[in-house]
Amino acid sequence: MSNKFNANALSEYSKSYARRIASDFYQQHSTMNGQQILSLTPISQINLFVISSLSDKWQADAAKFRSPYFDFTNEEVQEALRNFMNVVSQYISVRREHLEPLLADATRRAIIMIFDPRAYFDDMLRSQPEFTLTADALKQVIRYTKINQFIPTHILQRMNGKPFIYATQALTYLDEVLTQRGHDVEKYDTFVELFSEKLPMDVSVLLRSHVPDAILAAPLRSFFDTATEASVPPAPLVAQELATTGAEPKPAVPSHAYFETVVSNTEESSAQGAMFLGDTAGPEPVAPSTQPSQLSAAGPEVQRPAADTARSAGTADAPPTLNDTLREATFSEPTTVAETFHRAPIESIARSISLNQKFRFINQLFNGNASAYNQAVEEIDTLNNYGQALDLISYRYASQYLWDMSSDEVSELVEILKRRFA
């Protein structure tokens, strides 16, 4: 996972873009239907992400009908419920206050997919339940992926008919396809123009370090099922997959739910081109230390290792990396009595975080997700040393939530880690 985005800039642009799009549409309408969502922005991937979110909510609502007092395994009940939900899907009606947050999130996800496909798909694979990728889940990803669809398609092909694989194996396939077909990823410049038609996009602000373009190398079916079906013959792998599924008989009621039909009409009109991957890989990231911090044992005479000094001298003009930030924090020493007190060892991270800090960490580091924050704190408290804690926040949380490593919140969290494992 990379950390190339300026998290605040990415969030602000996504919200502003969504606000602008929603404002233009809702000046003339009070609600938005499925067809209008599919043509809402000139970037079809954003529209598909919104449809995907509605599909998830549609399925969650269907699950709410289940009750322990009735037999929902009965075939007749299942058929009736399926038909009911598919009819409901034909009548999408979203008001602005509900659409705008979905649109902002879809915009953010699309930007990450455009500028850093490896990070996007890496995060998708790592976030699978129980670290297991099922074939059905991957087919859903493919269904709602327009940009660089060949990446998840390659992973599905490498699964070779298996119902599931572990995410670690899927990550290997991800590296494989990007190595073999890195030249096929879509270029970002076309999408920058499309974004800028509605809201100017400054790539140098959005990214931590801007890389010039020259370096880029039967029963009713739901709307969600047919929305992404291509109107032209798909690639051989997809064609083979559909062939094994078989056609379903057309019932008397509308044969497709709304989500299954509308997206196919928009797939051919989306922007083409490959995304950004350079011919040069750039400097290799340095893995954070896996050894516990020596802060508590070291005196004022502790100095940074020679390798770190040399690296700092050779990259004085480059922005600090995550590992640089964490390493520098490791060797800083308290200079006052107050600082010495605040850096005293602690037994529990959760109990050492003030209420104000907790709210700021949740909002700034975990995108307002309190459960994710609680899970992270609990997991860190089970670790054995400072090195393991650095690995965890470096390779999971900082990348997953696109932390701004220069923020006060990150600095405070690192300081708490040092105290916890002192």
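Helix α10, residues 189-198, has F191, V192, L194 and F195 buried in this predicted model. Seen down the axis of α10, those buried residues fall within an arc of 165°, so they line one face of the helix.

- On the face of α10 turned away from its buried side, you will find the exposed residues E193 and E197.
- The buried residues of α10 have a cover that includes α1 (7-26), α3 (44-63), α5 and α11 (203-206).
- Which residue numbers does the covering helix α3 span? Helix α3 runs over 44-63.

**Helix α18, buried on one side**

- Helix α18 covers residues 355-365, and its Q357, F361, I362 and L365 are buried.
- Looking down the axis of α18, the buried residues sit within an arc of 130°, so they line one face of the helix.
- The face of α18 turned away from the buried side carries L355 and N356, which are exposed.
- Covering the buried residues of α18 are elements that include α17 (349-352), α19 (370-381) and α21 (408-420).
- Just after α18 comes N367, which takes a positive phi of about 50°.

**A closer look at Q357**

- Q357 is found in helix α18.
- Is Q357 buried or exposed? Q357 counts as buried because its relative accessibility is 15%, and the limit for buried is under 20%.
- Setting aside neighbours within four places in sequence, Q357 is in contact with S352, E412 and I416.
- E412 turns up again among the salt bridges, where its side chain meets that of R360.

**Where α5 meets α6**

- Helix α5 (residues 96-115) and helix α6 (residues 117-126) have axes that come within 5 Å and cross at roughly 120°.
- From α5, the residues R109, I112, M113, I114 and F115 meet P117, Y120 and F121 of α6.
- How many of the residues in the contact of α5 with α6 are nonpolar, polar and charged? They divide into seven nonpolar, no polar and one charged.

**Salt bridges**

- Side chains of opposite charge can pair when their charged atoms come close.
- *K64 with D61:*
  - K64 forms a salt bridge with D61, and the closest N and O atoms are 3.6 Å apart.
  - K64 counts as exposed because its relative accessibility is 66%, while D61 is partly exposed with a relative accessible area of 37%.
- *R158 with E176:*
  - The side chains of R158 and E176 meet in a salt bridge at 2.7 Å, N to O.
  - This pair links distant parts of the chain, with R158 in helix α8 (residues 150-159) and E176 in helix α9 (residues 167-181), 18 residues apart.
  - R158 is partly exposed, with a relative accessible area of 35%, and E176 also counts as partly exposed, at 21% relative accessibility.
- *E412 with R360:*
  - The side chains of E412 and R360 meet in a salt bridge at 2.7 Å, N to O.
  - Here too the pair links distant parts of the chain: E412 belongs to helix α21 and R360 to helix α18, 52 residues apart.
  - E412 counts as partly exposed at 23% relative accessibility, and R360 is partly exposed with a relative accessible area of 22%.
  - Which residues are linked with R360 in a network of salt bridges? The network of salt bridges links R360, E409 and E412.

- R66 lies in the loop between α3 and α4 (75-89).
- R66 counts as partly exposed, because its relative accessibility is 49% and exposed means over 50%.
- How far apart in space are R66 and L81, C-alpha to C-alpha? R66 and L81 are 9.9 Å apart in space, and 15 residues apart in sequence.

How values were computed. Residues numbered from 1 in each chain as written. Predicted model: local features only at pLDDT ≥ 70, side-chain atom pairs only at ≥ 80, totals over all residues. Heavy atoms only, no water. Axes fitted to C-alpha atoms, helices over the stretch in contact; angles between N-to-C directions. Helix = DSSP H or I, 4+ residues; strand = E, 2+ residues; numbered from the N terminus. Contact = heavy atoms within 4.5 Å. Nonpolar A, V, L, I, M, F, W, Y, C, P; charged D, E, K, R; others polar. Buried < 20%, exposed > 50% of the residue type's maximum accessible area, 1.4 Å probe, protein only. Arc of directions from axis to C-beta. Salt bridge = Lys/Arg side-chain N within 4 Å of Asp/Glu carboxyl O.
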